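Subject: The structure we talked about

Hi there,

Here is the structure I promised to pass on to you. Have a look at it first, and then read on for what turned up in it.

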Amino acid sequence: MSDNDLTRRTLLRRTAAAGLMATPAMGLLSACVTGGGEDEPANQAEGEKNAENPLGVDGNAPLEVVIFNGGYGEKYATDVHEPLYKAKFPNAQIKHSATQEIATTLQPRFAGGTPPDFVNNSGTKYMDFGTLIQDGQLQDLTELFAAPSVDDAAKKVSDTLVAGTVESGTYNGKPYVLNYVFTVYGLWYSEKLFKDKGWTVPATWTDFTKLLDTIKAAGITPYAYAGKNAPYYQYLVILTSAAKIGGPDILKNIDNLADGAWTAPAVKTAAQQWAEIGAKYMDKADEGLIHTEVQLKQNQGKVAFYPSGSWLEAEQSASTPEGFNYAVMPVPAADGATLPTGLYATAGEPYFVSAKGANPRGGMEYMRQMLSSKGAKGFIELNKSLTAVAGAEEGIQLSPGLTSASAVLKAAGPGVFSYRFDSWYKELDTELRTATNALMFGRENADQFCERMQKKADAIKADSSITKFTR
Amino acid sequence: MRHGKYPFVIGFLAAPVTIYVVFVIAPYAQAFYMALTNWRGLSPGQFIGLENFTRLFQDDVFWKALQHHGILLLALPLVTIIIALFLAFMLNVGGGSKQGIMTGVWGSKFYRVVFFLPQVLAVAILGVLFQSVYRPDGSGMINSLVTKIGLEPIGFLINPDLALWSIIAVLVWQAVGFYVVLFSAGMSNIPKDIYEAAMLDGATRMSMFFRVTLPLLWDTLQVAWVYLGIAAFDAFAIVQTLTVDQGGPDGSTTVIGMEIYRNAFTYSKYGYASAMGVALFFLTITFAALSLRVSRRESVEM
């Protein structure tokens, strides 16, 4: 889920993609299709199933792994997970590659019928899951989750995961996607700055706005997000507020495209409150900046609160000054909210195995290794992020930001929620990004925001060409 | 050379024509077919006739993009050609006559190189460059000056009323250099004695420009107009790299290329994106044909 930044390199690649855009290039893409098409590979590698090899992997078959090179980098794959697989199957060749543009790089291969076995489908240019599933490209992971876990043969893999992980990758009843990283979302700040200034973390909305006043008086921008490429960080905040006011069903209705889901009073109130924050406590210029530019301002002590997920600390580690100490607070709830301690947290960072690849069993075994305690611990140590493997962080010295995230998570108890419309209906995601900027930077009010979103949701519901999902 | 003429010609043409058919004509044909399907990027889609086009004509975003192309189509060629003409004139005949030969203003050789430089830069680099030029806070290249004299920073790309014009400015900035060179070449073809005769008759620079240079440069201008018009149907790369939320704020800078990209690579609607591509193709062709016909006129005999 982490955002890839607009570096010169990605920019050049995007321009290359722009070259792809010309009409004839679309034809070339389709040319791949007519070549490959639907036929399943004749021979998918398969070995003998036994206690040591519950998924029946052919130990001699090569395995191709493609990693999204974003916030988590690729080191965890090359240094932790691939060696684990290799240790189990020493004869297996692992072909590793990493990219920042998953869709641009891999789409033609899926269309052509030669997909890689294992894919980390992430970043802003990930391939649409609905389309992949509709097309039968994703391996059903039921067998993996039912297999005995690496560490304890008496336990199934699914029993070792944080509750909700399997569901988060389930589409219309079947688990197709493994969401590996457990992410806590909230408002991030520098513990050091708050300590130096004597500010305390607010618990209620009134306290929150009071603190923002104090921060503003101190000459620091109280609240910021990057409008140019990260408005979805802010819409997550608005919808979290709405769920706290009206309960998590608010988000469920939005996901299910229920009638009037966006015009619910809770959504309206949340939009109103955040529009006020935008008008009073934000810097207009931030609409034109990207994630890293606004983050840099926070690292320099010019911005107090920044909404994001728990990958932030690791992603920023190179530019954060010594002793900055990231900490997170839950999105504050309106006074009198039904779920004041609620928290947006979910298993994210999706991985899948290609159903039409040469070695789907190897891909599933690779996942099983990722989900071992060794695999998870290695990831946590490298990336300072929690994984979907329950309790894997025990015994590891956690960074300040991660300690804070797990404390917030503990405090939320069962009040943890999330939405899924953003990956189900990308048109809705695009509209919400635009609407969020318009709301937060004062071009539209809360009513216009809700009506606009409802109109888009209704249009998607009425559009028969879009595959629908429910939860 | 009569003997074996055809084998010779065919031998030379076979390779380029084959390459052209395989890599240009065939993909075009396929894109036209794809526009009639609901292909989603993986296995082949179903044939759905003109449904994509019906959808397209009801799509607000498409019309908005079209409207932006309308503005671009007026502003980009006009501004670019005016500036380029002025600069080319100054570089070639603006300096007046020296020992009977018309010359450019002082240092014109240096200026020529400077003007052409933006043309050499890749569009992607231009995007990065103008990110810092247009940056909306006090650390932007323009806004650091603006704030220094005590004014509010200008939201070049975050003000919906201003964003498209900021994009047009970048496009003009990039294009001008090329047309300065093109027009210079055109002007150097105009016999010097015409200018001298005009000067002996006491013509001012202004009337020399309008009565001598412009009419004799008409063919070149026509080419420039068509080229710039076609460029006005693109603008994708700059919009993609520079604008807020890719085409924002509030869709105020989106162009058809941007929407094709979004529909194909974000929504996986390749069929629909192809329909947009086909629409764009016909728009461009129509524009080129129309403007060549409208601007046709007798070339001046010399």
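A helix here is a DSSP run of H or I with at least four residues, and a strand is a run of E with at least two. With that in mind, take residues 162–182 of chain B: the span is 95% helix and 0% strand, and its end C-alpha atoms are 30 Å apart. Please remember that this is a predicted model.

That span is one of those that an unreviewed UniProt entry annotates as "transmembrane region" in chain B.

Now turn to chain A and find helix α10, residues 231–246. At 1.5 Å a residue, its 16 residues should span 22 Å, and the end C-alpha atoms are 23 Å apart, which agrees. Is this helix buried or exposed? Of its 16 residues, 15 are buried, so α10(A) is largely enclosed by the rest of the structure. After α10(A) comes Gly247(A), which has a positive phi, near 90°.

Next, the empty spaces. Rolling a probe the size of a water molecule over the atoms shows where empty space is left. The second largest pocket holds about 1,100 Å³. Its lining has 35 residues, and the closest to the centre are Glu431(A), Lys456(A), Asp59(B), Asp60(B) and Val61(B). Helix α20(A) gives the largest share of this lining, 6 residues. By type, the lining of the second largest pocket has 16 charged, 10 polar and 9 nonpolar residues.

How many cavities of 30 Å³ or more are there in the whole structure? The search finds 2. The largest cavity has about 120 Å³ of space and a lining of 15 residues, with Asp128(A), Trp424(A), Glu427(A), Ile466(A) and Arg40(B) nearest its centre. Its lining splits into 5 nonpolar, 5 polar and 5 charged residues, and α5(A) provides the largest share, 3 residues. The second largest cavity has about 40 Å³; among the residues that line it are Asp128(A), Arg40(B) and Ser268(B).

Finally, the charged pairs. Side chains of opposite charge can pair when their charged atoms come close. Over all chains, the structure has 27 salt bridges. Here are some to look up:

- Glu427(A) and Lys269(B) form a salt bridge of 2.9 Å, N to O. This pair crosses between chains, from helix α19 of chain A to the loop between α12 and α13 of chain B. Glu427(A) is buried at 10% relative accessible area, and Lys269(B) is buried at 16%.
- Glu431(A) pairs with Arg452(A), their closest N and O atoms being 3.2 Å apart.
- Arg262(B) and Glu259(B) have their closest N and O atoms 3.8 Å apart. Both sit in helix α12 of chain B, 3 residues apart, about one turn of the helix. Arg262(B) is buried at 11%, and Glu259(B) at 7%.

There is also a network of salt bridges that share partners, joining Asp283(A), Asp286(A), Glu293(A), Lys297(A), Arg135(B) and Asp137(B).

Enjoy exploring!

Best wishes

How values were computed:
Residues numbered from 1 in each chain as written. Chains lettered and ligands numbered in written order. Predicted model: local features only at pLDDT ≥ 70, side-chain atom pairs only at ≥ 80, totals over all residues. Heavy atoms only, no water. Expected span 1.5 Å × (residues − 1). Buried < 20%, exposed > 50% of the residue type's maximum accessible area, 1.4 Å probe, protein only. 1 Å grid on protein atoms, 1.4 Å probe; cavity = no way out; pocket = protein on both sides within 12 Å on 5 of 7 lines; lining within 4 Å. Points joined across faces, edges and corners; volume = space filled by probe spheres on them. Nonpolar A, V, L, I, M, F, W, Y, C, P; charged D, E, K, R; others polar. UniProt positions renumbered as here; feature names shortened; annotations may be inferred. Salt bridge = Lys/Arg side-chain N within 4 Å of Asp/Glu carboxyl O.
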